[in-house]
Amino acid sequence: MIIDAHAHIYPAKIAAKAVAGVGSFYSGLEMHLDGTVDTLIKIGGDAGIDRFIVQSVATSPAQVESINNFISGSVNEHPDKLIGFAAMHPDYQDIEKEIDRAISLGLKGVKIHPDFQQFNIDDKNAMKIYEVIEGRLPILIHMGDHRTDYSKPRRLLNVLDAFPKLEVIGAHFGGWSEWDDAAKTLGGRHLWVDTSSSLYSMTPEHARELIDIYGVENVLFGTDYPMWTARDELEMFDKIPLNDEEREMILYKNAERMLSH
């Protein structure tokens, strides 16, 4: 069993534009995949992935409801493959009402991307999201970017201190492009992290060091589709010095436990 804990999907009619936008945001990163559900399931399945936690980012409050409808609809079409996370924006007018609706739609978590959405993780409006979902849903937060201050690990500390029961997944080992600083800042806290958009930039031994800092029981495997291919991510993951039990924990057991909270 393998669960990809970090995958983005888009409606077919806008997928090409959305994927191009992601590539542009990350300084011209070449995107080889189309961002559709069908491609995710096909290439993921070919690589041996069984299930996918899927989400999309609302770059404006007006997009929140339509994205949640799309994610829910996609899960309903592929209930054995997809686990949906809801989109949310800190400026959305009635966060609690939409979270309640997302739960009624069967969505199992929330996704925010402070750098795309341009807000600080610890802004007052963002804190409202955490207040509403604490004890109810986990939240996957894009973490880290050397170019901005929105998602700095030190800001996440303020969130973790304010909401000690909040289940947070700090994407990209807690800090994309700032991995060591993130581990130094966030290691030992009540926090999940995922491996997405990270393994390409570090040695297997470095990845193992980060896993040890956060605790193997807190690490989730993720691909960040459509940025990277499942097969390549699994090949890099397999080079990390882990025993069989640790591999199983990261590849699916931790995700199952996280979703059961």
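The buried residues of helix H9 (204–214) pack against H8, S7, S8 and helix H11 (244–260). Here, buried denotes a relative accessible area under 20%, exposed over 50%, and partly exposed a value in between (1.4 Å probe, protein chains only). Helices (H or I, at least four residues) and strands (E, at least two) are DSSP runs, numbered from the N terminus. The buried set in H9 consists of His206, Ala207, Arg208, Leu210, Ile211 and Tyr214. Just after H9, Gly215 adopts a positive phi of about 95°. The model is a predicted one, in which local features need pLDDT of at least 70, side-chain atom pairs count only at pLDDT 80 or more, and totals for chains, interfaces and linings use all residues. Residues are numbered from 1 along each chain as its sequence is written, and side-chain values use heavy atoms, with hydrogens and water left out.

Asn218 is located in the loop between H9 and strand S8 (219–220). With 16% relative accessibility, Asn218 counts as buried. Its side chain reaches the backbone oxygen of Tyr214 at 2.8 Å, and Tyr214 is itself among the buried residues of H9. Leaving aside neighbours within four places in sequence, Asn218 is in contact (heavy atoms within 4.5 Å) with Leu191, Trp192, Val193 and Asn254.

Strand S1 (residues 3–8) is mostly covered, six of its six residues being buried. S1 and strand S2 (residues 51–55) run parallel and are joined by four bridges; two strands pair if DSSP finds at least two bridges between them. Within this pairing, Arg51 of S2 is the bridge partner of Ile3. His8 also belongs to S1 and is buried, at 8% relative accessibility. The side chains of His8 and Asp224 are joined by a polar contact of 3.0 Å. A polar contact is a pair of N or O atoms within 3.5 Å; within protein, one must be able to donate a hydrogen and the other to accept it, and residues adjacent in sequence count only if both atoms are side-chain atoms. Beyond its neighbours within four places in sequence, His8 is in contact with Gly35, Gln55, Val57, Lys111, Asp224, Tyr225 and Pro226.

Side chains of opposite charge can pair when their charged atoms come close. With a salt bridge defined as a side-chain nitrogen of Lys or Arg within 4 Å of a carboxyl oxygen of Asp or Glu, the count comes to 13 salt bridges. One of them is formed by the side chains of Glu178 and Lys152, at 3.3 Å from N to O. This pair links distant parts of the chain, 26 residues apart: Glu178 lies in the loop between strand S6 (168–170) and helix H8 (179–186), and Lys152 in the loop between strand S5 (139–141) and helix H7 (153–162). Glu178 is buried, with a relative accessible area of 14%, and Lys152 is buried, also with 14%.

A salt bridge also forms between Arg189 and Asp161, whose closest N and O atoms are 2.6 Å apart. Arg189 lies in the loop between H8 and strand S7 (192–194) and Asp161 in helix H7, so the pair ties together parts 28 residues apart in sequence. Arg189 counts as partly exposed, at 30% relative accessibility. The side chains of Arg247 and Asp238 likewise meet in a salt bridge (3.6 Å, N to O). Arg247 is buried, with a relative accessible area of 18%, whereas Asp238 is partly exposed, at 47% relative accessibility. Finally, a network of salt bridges links Asp122, Asp149, Arg154 and Arg155.
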